[in-house]
Amino acid sequence: MHLAQQIAFIILAGVAIYIFSKRMKEMRRNILLGRDEDLTDNKAQRWKNMLLLALGQKKMFKKPIPALLHFAVYAGFIIINLEILEIFLDGVLGTHRLFYPVLGELYDFLIGFFEILAVLVLVSCAIFLVRRNILKVKRLNQAELNGWPRNDANIILITEIILMTLFLTMNTADQLLQSRHIEHYTNTNPFWISSHFMGLFAGASDNTLTGIERGCWWLHILGVFAFLNYLPYSKHFHILLAFPNAYYARLEPQGEFKNMPEIQQEVLYMMKPELAPTATTEQPHHRFGAKDVQDLSWKNLLDAYSCTECGRCTAACPANQTGKLLSPRKIMMDTRDRMEAIGKQLDKNKERQDDGKSLLHDYISVEELRACTSCQACVEACPVSINPLDIIIQLRRNLVMEESNSPQEWNLMFSNIENNMAPWKFSPDDRDAWVNS
């Protein structure tokens, strides 16, 4: 590689890494808008969750065919990064196939394996495009995906197809240049896939072949840099966030709701007034439930960024299946959108200012929240340990306890619990009267 190209590569790589790092800091700041929550207990179980759910994609295999296709894309993305590492180092050092002299025959095996993965990625992405745009699988074509979310999915799939095609074309041209003993092109054994397509370029001149090989090399690595900086704005950032999200998943039983210390304290003061603070004692206000993203936990916000928008949660939701407005996927997308809106405000004004909006009402409606049956189906269905229900419960608590906004049927039940210590309209003395009826 000429010195000018080497310098240009280093500059481009530096710019791409700087932009990516800047975006990472913004996302970290947005996640930390949420309340603190300690999720560092039972490290052994957390590592197990990460290995099984994020690396092994255990939950994906409840639907075997999409799971196998997804695993091919996932494995290709992760493992082919070893080849990208060589391309990156070749660009920085001005070398060509840096690892071949070190790895020898193992190098030939690895490149052959990478090429098989590249073909699997090509085929899988093509099938995913057909499922989304021709077969129109229901969970991939619901209202919340209209516009950018649907385009985002297609852009990523098409980009993966282009990158894998460039990789295979680059190797094909490289093999021909090796056979012609062109300087700087290290002789390797035939690659498993690309060597069978050398006939496509057999009539090309040495200069044309070099142009094709170098052009594919540059387009491939530039595509990787562009992909790197596109990911944080895309649902496909779950490729990276699935790992911490699975690690920090809550370990309590799924049906266990968290008590609110603020409410317990209020009940304590009611039962033992002598413990209540005096009127002159200034007490910090604790919001009951959540109205905006800063009232949620940082884990809720990490969930929002980790959402794959696969729709498995919505497909499993009984409320959604019966035509209700609720979609757990939309809950996560709305939370992410609200977080991003606040982040942009912070970038612009350097401090948080009231924009007159909140996650509750402006992004997520009362009708959506009331439709939830708290059945945990969405939590169970999510392949990367996202918990839409936790956000729903916190928003619904705010509706009831801060706004007194609940249906009349709920209010009757609340009144009965308060007066009779049970949901039914019987005094404690008459609790067993139904036996004689």
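Buried, in what follows, means under 20% relative accessible area. With that cut-off, take asparagine 420: its relative accessibility is 11%, so this residue counts as buried. One note before I go on: this is a predicted model.

Asparagine 420 sits in helix 19, which covers residues 408-420. Setting aside neighbours within four places in sequence, asparagine 420 is in contact with Lys425, Phe426, Ser427, Pro428 and Arg431.

Next, the cores. In soluble globular proteins, nonpolar side chains tend to be buried together. Here, the largest nonpolar core has 53 residues. Which residues have the most contacts inside this core? They are Leu326, Ile331, Met332, Leu369 and Leu395. Helix 18, residues 388-401, gives the largest share of the core, with 6 residues.

Last, a helix pair. Helix 1 is residues 3-31 and helix 14 is residues 328-349; their axes come within 10 Å and cross at roughly 115°. Angles of 65 to 115 degrees count as roughly perpendicular, so helix 1 is roughly perpendicular to helix 14. The crossing of the two is right-handed.

Which residues meet there? From helix 1 they are Arg23, Glu26, Arg29, Asn30 and Ile31, and from helix 14 Met339, Glu340, Gly343, Leu346 and Asp347. Sorted by class, this contact between helix 1 and helix 14 has 5 charged, 3 nonpolar and 2 polar residues.

Notes: Residues numbered from 1 in each chain as written. Predicted model: local features only at pLDDT ≥ 70, side-chain atom pairs only at ≥ 80, totals over all residues. Heavy atoms only, no water. Core = buried A, V, L, I, M, F, W, Y, C linked by side-chain atoms within 4.5 Å. Buried < 20%, exposed > 50% of the residue type's maximum accessible area, 1.4 Å probe, protein only. Helix = DSSP H or I, 4+ residues; strand = E, 2+ residues; numbered from the N terminus. Axes fitted to C-alpha atoms, helices over the stretch in contact; angles between N-to-C directions. Parallel < 35°, antiparallel > 145°, perpendicular 65-115°, else oblique. Left-handed = near helix turned anticlockwise from the far one by under 90°. Contact = heavy atoms within 4.5 Å. Nonpolar A, V, L, I, M, F, W, Y, C, P; charged D, E, K, R; others polar.
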